[in-house]
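The sequence and coordinates come next.

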Amino acid sequence: MIVETTHGSLTFCSIEPGSGLDSTLERPPANALGRIEASGLRGRGGAGFPTSLKWDLAIKSPGENKYVICNADEGEPGTFKDRVILSDFADLVFEGMTIGAFVIGAKRGIVYLRGEYAYLRSHLETVLRRRRAQNLLGKKIRGRDGFDFDIEIRMGAGAYVCGEETALIESLEGQRGEPRNRPPFPIDTGYLGNPTIVNNVETFAWVVCILAKGAKWFNSIGTKKSTGLKLFSVSGDCSQPGVYEFPMGITVAELLKEVGGEGAKAVQVGGAAGQCVPAAQFERTIAYEDVPTGGSVIVFGPDRDMLRVAENFLEFFADESCGQCTPCREGTPKLIEGVKMLQQGRCSMHYIHELCSLGETMQLASKCGLGQMAPNAFLSIVEHFQDEILGRIGK
Amino acid sequence: MPFSTYLAKCPDCHEATEEELLVQLDDVLADYASVPGALIPVLQITQAIFGYLPETALKKIALSLGKPYSEVAGVVGFYSFFTTVPRGKHLVRVCLGTACYVRGGKEVLAASKDLLRIEVGETSSDRMFSLDVGRCFGACGLAPVIMIDDDVHQRVRPAQLPKIFDQYRDNSATDDNGNGESD
């Protein structure tokens, strides 16, 4: 197992396993849902969909066999906070799933664990066995008649796109992980056609904290639209990489100071699918309403060649595109070609504009988030680092 | 039945003949016949048993799960962890995720190719190592990283690679001797 540097004390350390669940079971499910709604918690995978709204839609969706799925397919480059949560706070994740099951009325839960984290599996199975022995999972949980719920772990097989919730469900059903059209959403037609909630590892852990410490505590932190705390995975050119807990709404500059990344020329927030924030915009805030993130922060020092960075992101997407829709499948290789031309100084201004317009088409016309996000880094690098990129034209 | 149980049953899988392994596959298929979404777990177990996914095994899987062979092959081709060609004893994967890339992942890859004298996707002539690239192993704070089988090696410098690879050569040698004596 990897020893990870965690900086400062995390809220998760102070939460006693069982505490969130017990306080939930004492009252009707609607009470827990109301408290999550009051907290303002939004999906910690990065998309930021309000958790209580997702759960409420699943409650209202008719069906006997509802499912709770934990998205542990943490594949975004630069993200590793879910691995740390699963290693150190697995109880909170399973407890959050159990609370989700209680709220929406599910009997079965599945953790979809990315193939690269196979080494975590035996640890997670051990925690699950202990929770069954403690009656925190299984039949009549905590003596409550009719509340049966259990969790199984399923392994991914190396496909980034399976972090997209409908692709994840396709994969669980034994198919190629190709995203479905949405709507219908998983809350109506999810795993095996049943109403299903798919939430990120971190979201489940925060649910437990909110129920243990109160919605007020959570929504007093952060901004109005992005409440609470968030874990960040920080890497790249900084002296203190690792996992950090920061309030939502922190500025990029404040974050860089904490991680020893002052002097950076740009920061990639949100992984390959995210945005490249240049130094001139370091006062921007990390929040759903400004620069959103699933937790990935990659710092680029003054000597980094931003074209190489753009090339690396695009190669990643070309590798990971599922190939189903044309804008994504054909667009990413074209953008890579463009970056190579830029590197060799063979790209005209006219062609750069063509490439940007191709990128915008991909954002609009791709079927899923992967293709819609694929050109982001390229477009923001072209926008913010024109001097660096245009400088090579005609060389 | 959990994954590990199948592997516990066949500690010497790699020494067994293909026919013996196909019998083991029958057990797996019997357990999974009625499980929804069984195809991917079955393929994962099959790859753990055989070391790769031979065509005979895939045909057998298609027949007993009642799926067309094309569908099974389509799933195998989609996921990067599945391989239809035999691999070496150890799988070396070099991370080229962004954090590793900016921290020198490409140099680590170049050095690995030189040391193992193979290209990405190939297997060394002594069948000890296969080389592959990965896109983020979720250890970006410790970049650059490589994974050998399920082990993550952090902050790898090209100069350290010979020593790291030798550890696996040594372990393999001990394993082989151990098996040889017990046989």
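A residue is buried if 20 or more other C-beta atoms, placed from the backbone, lie within 10 Å of its own. By that criterion, 34% of the 183 residues of chain B count as buried. The structure is a predicted model, and the values below are computed from it.

**Chain B**

Chain B has 8 helices and 4 strands. Read from the N terminus, its elements follow the order α-α-α-α-α-β-α-α-β-β-β-α. Among the contacts in chain B with a separation of 6 or more, 61% are between residues 24 or more positions apart.

**Strand pairing in chain A**

Strand 2 of chain A pairs with strand 1 of chain A and with strand 3 of chain A. The table sets out the two pairings.

| Pair in chain A | Residues of the partner strand | Sense | Bridges |
|---|---|---|---|
| Strand 1 and strand 2 | 66–72 | parallel | 7 bridges |
| Strand 2 and strand 3 | 150–155 | parallel | 6 bridges |

Ile69(A) has Ile110(A) in strand 2 of chain A as its bridge partner. On the side of strand 3 of chain A, Gly109(A) stands opposite Ile151(A). Between strand 2 and strand 3 of chain A, the chain passes through helix 6 of chain A, residues 121–133, and this β-α-β crossover is right-handed.

**Domains of chain A**

Chain A is divided into domain 1 (11–218), domain 2 (229–300) and domain 3 (306–390). The C-alpha centres of domain 1 and domain 3 of chain A lie 34 Å apart. Contact between these two domains involves 7 residues of domain 1 of chain A and 8 residues of domain 3 of chain A. On the domain 1 side of that contact, the residues divide into 4 nonpolar, 1 polar and 2 charged.

**Interface between the chains**

How many residues of chain B are in contact with chain A? The contact involves 32 residues of chain B and 48 residues of chain A. On the chain B side, helix 3 (39–50), helix 5 (69–78) and helix 6 (98–102) each supply at least two residues. By class, the side of chain B that touches chain A has 21 nonpolar, 9 polar and 2 charged residues.

Conventions. Residues numbered from 1 in each chain as written. Chains lettered and ligands numbered in written order. Predicted model: local features only at pLDDT ≥ 70, side-chain atom pairs only at ≥ 80, totals over all residues. Nonpolar A, V, L, I, M, F, W, Y, C, P; charged D, E, K, R; others polar. Pairing = 2+ DSSP bridges. Right-handed = clockwise from strand over helix to strand, strands pointing away. Domains from an automatic or database assignment. Buried ≥ 20, exposed ≤ 12 C-beta atoms within 10 Å, placed from the backbone.
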